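Good morning, and thank you for joining.

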Amino acid sequence: VGGGANTFNDVVVVSIGADKIVVNSDVKAIPAAPMIQNERTFVPFRALAEAFGAEVAWDEATQSVTAELNGVKVVMVIGANDYTVNGVAKTADVAPFINGGSTMVPVRFVAEAFGINVTPIAAADGSIADVMFAK
């Protein structure tokens with residue numbers, strides 16, 4: 001963490017099943033816990049995007065969530081595998097969904113759209129326990 005060569009300005013860590021997020025060593029509550037569903041890791045979109053300074057908007061009419069960060073705009077629609085990055089259509093292998101009032105998105109597709117490195121951290125049994133995001 002930091003600004004030098006081979007370091008990251010921001011590091012965010014989420015734990016599967018935990019309603020907390022660690023942002024550069026600060027622990028914050030989040031409205032929904034990250035989860036694994038259909039062999040994919042999902043996180044609450046707003047919590048992750050805002051941890052990196054993105055602006056996030058929800059459109060009830062279209063059931064879509066938009067995040068903008070450093071000139072990159074990602075739009076995802078609940079239940080749809082298709083999403084856009086700066087207007088360019090992309091397809092994920094799983095769709096975002098609502099869980100407890102939070103939009104849950106597949107972490108890798110969204111994070112990589114913003115240029116954020118994703119590192120899963122395994123538990124002793126080989127399952128994913130934590131996910132580290134670094135930019």
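This is a predicted model: local features need pLDDT of at least 70, side-chain atom pairs count only at pLDDT 80 or more; totals for chains, interfaces and linings use all residues.

Residues are numbered from 1 along each chain as its sequence is written, and side-chain values use heavy atoms, with hydrogens and water left out.

On overall dimensions, the C-alpha trace spans about 40 × 35 × 25 Å along its principal axes. The secondary structure consists of 2 helices and 14 strands; these are DSSP runs, numbered from the N terminus, with helices being H or I of at least four residues and strands being E of at least two. Of the 135 residues, 37% are buried. Here buried means under 20% relative accessible area, exposed over 50%, and partly exposed in between, with a 1.4 Å probe and protein chains only.

I turn now to the aromatic side chains. Rings of Phe, Tyr and Trp, the last by its six-membered ring, pair if their centres lie within 6.5 Å; planes under 30 degrees apart are stacked, over 60 edge-to-face, and the rest tilted. In one of them, the ring centres of tyrosine 83 and phenylalanine 109 are 6.3 Å apart and the planes stand at 65°, so the arrangement is edge-to-face. The partners are 26 residues apart and join distant parts of the chain, with tyrosine 83 in strand β9 (residues 82–85) and phenylalanine 109 in helix α2 (residues 107–113). Tyrosine 83 is buried at 8% relative accessible area, whereas phenylalanine 109 is partly exposed at 25%.

Two further residues deserve attention. Which residues does serine 102 contact, leaving aside its neighbours within four places in sequence? They are Pro31, Ala32, Pro44 and Phe97. Serine 102 belongs to strand β12 (residues 102–106) and is buried, its relative accessible area being 7%.

Isoleucine 98, in strand β11 (residues 97–99), is partly exposed at 40%. With neighbours within four places again set aside, isoleucine 98 contacts Trp58, Ile78 and Thr103. Between isoleucine 98 and proline 44 the C-alpha to C-alpha distance is 9.0 Å, across 54 residues of sequence.

Terms used: Contact means heavy atoms within 4.5 Å.
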